[in-house]
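Colleague: Please take a close look at one part of this model for me. I would like to see how one chain meets its partners.

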Amino acid sequence: MSLSLEEVKRIAHLARIEISEAEALQTQGQLNDIFRLIESMRAVDTEGIAPMSHAQDLMLRLREDAVTESDQHRLFQSVAPQVEGGLYLVPKVIE
Amino acid sequence: MEWETVIGLEIHVQLSTKSKMFSRASTQFGATPNTQACAVDIALPGVLPVANKGAVERAIRFGLAVGGTINQRSVFARKNYFYPDLPKGYQISQFELPIVQGGAVTIRDGKKTIRLTRAHLEEDAGKSLHEDFHGMSGIDLNRAGTPLLEIVSEPDMRSSEEAVAYARAMYDLVVKEIEICDGNMQEGSFRCDANVSVRRPGASLGTRREIKNLNSFRFLQQAIDFEVKWQIGTLEDGGTIHQATVLFNPDTGETRAMRSKEDAHDYRYFPDPDLLPLEVSKQWIEQIRKSMPESLRGQQQKFKDFRLPDYQAHQLTANRETATFALSTFTGAPAAEVPMLANWIVGPVKARLNEENLDYSRSRVSPEQLRKLIGRVVDGTVSEKSAIEVFDAMWKGEKDPDTIIEKRGLNQISDSGALEAIVDQVIAANPKSVEEYRSGKDKAFNALVGQAMKATRGKGNPAQINEILRKKLAG
Amino acid sequence: MINAGLKELSAALATKRISSVELTGLFLDRIGKLNGELNAFITVDPDKSLSLAADADARIARGDRAPLTGIPVAHKDIFCTKGWLTTCGSRMLANFTSPYSAHVIERFGAAGAVILGKTNMDEFAMGSSTETSFYGPVRNPWDRAFVPGGSSGGSACAVAARLAPAATATDTGGSIRQPAALTGITGLKPTYGVVSRHGMVAFASSLDQGGPMGRSAEDAAMLLNVMAGFDERDSTSLEREAEDYTRDLDRPWEGAGAGKPLQGLRIGIPKEHFGEGLSSDVAQAIDAALAQFEKIGAKRVQISLPNSGLSVPAYYVIAPAEASSNLSRFDGVRYGYRAPEYGDLLDMYCKTRSQGFGAEVKRRILIGTYVLSHGYYDAYYLKAQRIRRLIAQDFVAAFKRCDVVMGPTSPTVAFRIGAMASDPVQMYLNDIYTIPANLAGLPAMSIPCGFGDNELPVGLHIVGNYFSEARMLALAHQYQRATDWHMRVPAGA
């Protein structure tokens, strides 16, 4: 399994990471090294083995429907890059 | 040549919980921007989701109401994409294993069934306000994290009318019947996406386009109508339909494809590792089933067993409160008494409720009291006329019909000896009416009955008086 | 004082031999002197620390003390700390003063401990050498030309160089144990779910666990007592009865005698961990350590962890996949770095994330994005999760025949700063012994057991069955009673 330059750029776009042509080339090489490492896993027979996402086979804990959070927007927005009128500002969203 | 329209709807229902799907901030509409967005909602580094039991319970109620399967094990999955109103850069939703599978609702008075594919839980995004902040958009995250139930139908609808009928039926179900949503469409509590395609009859499905975010039934109809016309026009001109996400402009009445997002469909779904599988026990489902008020449709079904005239059955099942009252009254009553009970429910009870602007759930006379009273009318203890007096007393707060009858001396006179004496007197005192009756005027009979009732001060047993009078006049 | 263990320090504070202000000041002085070269700390705030120390002294004075009241503790800069800069070693959060505190930080606060500072780390915990930090590499106090290991290199260095008596850290593929091994201290990763992840910035959610770093197993146990416990804000936090992790420290193993306190202990030695790739100096030190365990009563049992070799590839699918999603929230919108210049929204995202993240983080995000993308999910992510189960099953089988599994923590001692820069894959392979415990969710620790090439420390790796931390700490404690590796201090420290 090896990535083409096109794929590297496509993934970078999906991940919203800007990548120059030179960077894409270098990254391609590095990623392909890593994929060589990963490939060894694919040859193993895992027929009948269920995927494991958590160590303990537990079920989700549900909480009672209650409001306990109060308004802390001033505190939270004190660390925001750009805020106006209590709103987070971003470049205009065009649909 | 003909075209067939194929429509499926995805309806997003905001669940009426107090707190959000995965955080403890309030879901109340209309707050100042970002005052109801806690650390979890704005996705600060290090925060984690904790699932809301109330949202799960409402999803289960929905599944039961539509006759779907409740998946005892379902999984929350991350739907990854970047958008400013999506703070985590992913939405927690359900993908491969949703909480509800299947189910159906009917439209057109039960004549057509629309099947459901599934319904799943997910969280709502925040809002982008496009008002100009020097060329920027403003993001309000109050809505981010509100619990949603996404209801997906099979593409069973064949016209915009059917789509609207289905949407309305779904609305009535979630808002009025099982009450899992407040139904405020202007506030975005109930939103429809319509998947629309056209094809020649008998052909395979055409390429569909998805019209997003329709929050009124009128827009739903208009949007679908325009889209269908557009698709047919395009195909008849020799063009092709490309899969697209489409927005409806209510001002122009037109649909338009959004800017293409080629990677928009690679959401990289995977089970959310911050959450464990959601397991709901059979006991919990049973508990919810029992606590659910019987569906209106279920109640309407029961009325068929009582063989009431159609118009009356219709009256009595206009809404759940009426149907519940009527069913409670009929249950345990002898079948022969049901018609009279029905008359009283739509008669005297309704009159009092109207006076005080109450619905049947607040009736001051209970189904049991009413049943007992009518029982006393039928067994002759009290005349129907006197029964009104008893009813009024109960409405004002007195409890037991028998006690009231006793206290006010309303017992009907059913002693045949006494009644015979009275009838004799009436016949003697009204020779003209007797003469008219004997010469064929039936109305005169009623006049004599009236006189006899007057003589008993309304307490005479009318049926008996009738019988005695007829016998005496005949002989 | 700076070499004293936590029990000793706690007693000294209780008897007022020293005050918390004095003790904290002692360590702040050392930091002032040595952090310039070692770079263990990203943030130090003497005023804040001393103020907390004064509070602790007041608490001790009114008789309201807990074991760690007044003790200064360093925290890995991955734990959100209210009012403190919390950077995760990244430019992305270089300006982020956290508005809330992690559960772990709250617990230390409730115990009356003092925040000594925030320690340096590999960026977003991705690395095994603490060379990817935006704030520059951390140096190994045993030889400043060498790495301290990672990603918790700052915490490890702080404890090893006696800049702090104790520290918190996190472990996703070995990030507590490996730096502990490379700097000659004790570090423990608890069973998954024992320490709450609320406020612990997520790298790989199903693998991350917070844990203690200290000079000894005894210290680690005291720290774990504060860190562990159910937190309803973390859905993966386990609801269990509270445990005292120091309870078994002086108990002999299953009724053994005083001379052989570990009589009856069966130590599983996985043959796969002693093959090619293990440096001979490390192998020698490990063997000597195992012999020492035998001397105090334990027995070696040969076991096999047949799927061991698959742990690194499986990990480098699962961890980046989860990380790629966890790091999507860093987008310049609500906090953190935002690119100073950009055009439209897409440009703002792309520039912010390219400039805010370092190379290793970007690499892993790309891997993760790829293995989750359309068409590859089954072949990679799902496949890796199946292999994960195989690895967990290997341990289940092993624990039928032994009580703990031991081996080397790292295949080599510390390497030179920059030596692995051009070969990320080689660096990944160094995690081969530590990763399986993360995949299986098992508790694991590293304790110092000798020295290897260049007189650099060697760590012994111990993996226990689920929830057996107290027993593991106990056997480590017995080893530390019979040896003095954990007492060694680097020269110049």
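Modeller: A polar contact is a pair of N or O atoms within 3.5 Å; within protein, one must be able to donate a hydrogen and the other to accept it, and residues adjacent in sequence count only if both atoms are side-chain atoms. By that rule, 17 residue pairs are in polar contact between chain A and chain B, both residues at pLDDT 80 or more. This is a predicted model, in which local features need pLDDT of at least 70, side-chain atom pairs count only at pLDDT 80 or more, and totals for chains, interfaces and linings use all residues. Residues are numbered from 1 along each chain as its sequence is written, chains are lettered from A and ligands numbered from 1 in the order in which they are written, and side-chain values use heavy atoms, with hydrogens and water left out.

Start with chain A against chain B. Here 35 residues of chain A contact 56 residues of chain B (heavy atoms within 4.5 Å). The two chains bury about 4200 Å² between them; buried area is the accessible area (1.4 Å probe) that two parts lose on being put together, summed over both. Carbon and sulfur atoms carry 60% of it.

Two salt bridges cross between chain A and chain B (a side-chain nitrogen of Lys or Arg within 4 Å of a carboxyl oxygen of Asp or Glu). Lys53(B) pairs with Glu64(A) in a salt bridge, with the closest N and O atoms 3.8 Å apart. On the chain A side, α1 (5-14), α3 (73-77) and β2 (87-91) each give two or more residues. Helices (H or I, at least four residues) and strands (E, at least two) are DSSP runs, numbered from the N terminus. β2(A) gives the most, with five residues.

Now follow that strand. β2(A) runs antiparallel to β10(B), residues 136-140, and four bridges join them. Strands pair if DSSP finds at least two bridges between them. Within this pairing, Tyr88(A) stands opposite Ile139(B).

Next, chain A against chain C. There, 50 residues of chain A contact 70 residues of chain C. About 5100 Å² is buried between these chains, 70% of it on carbon and sulfur atoms. The count of salt bridges is two. Lys351(C) and Glu18(A) meet in a salt bridge at 3.3 Å, N to O. Polar contacts link 19 residue pairs across the interface of chain C and chain A, both residues at pLDDT 80 or more. Several helices of chain C supply at least two residues each, including α9 (311-326) and α10 (345-356). α12(C) gives the most to the side that touches chain A, with 12 residues.
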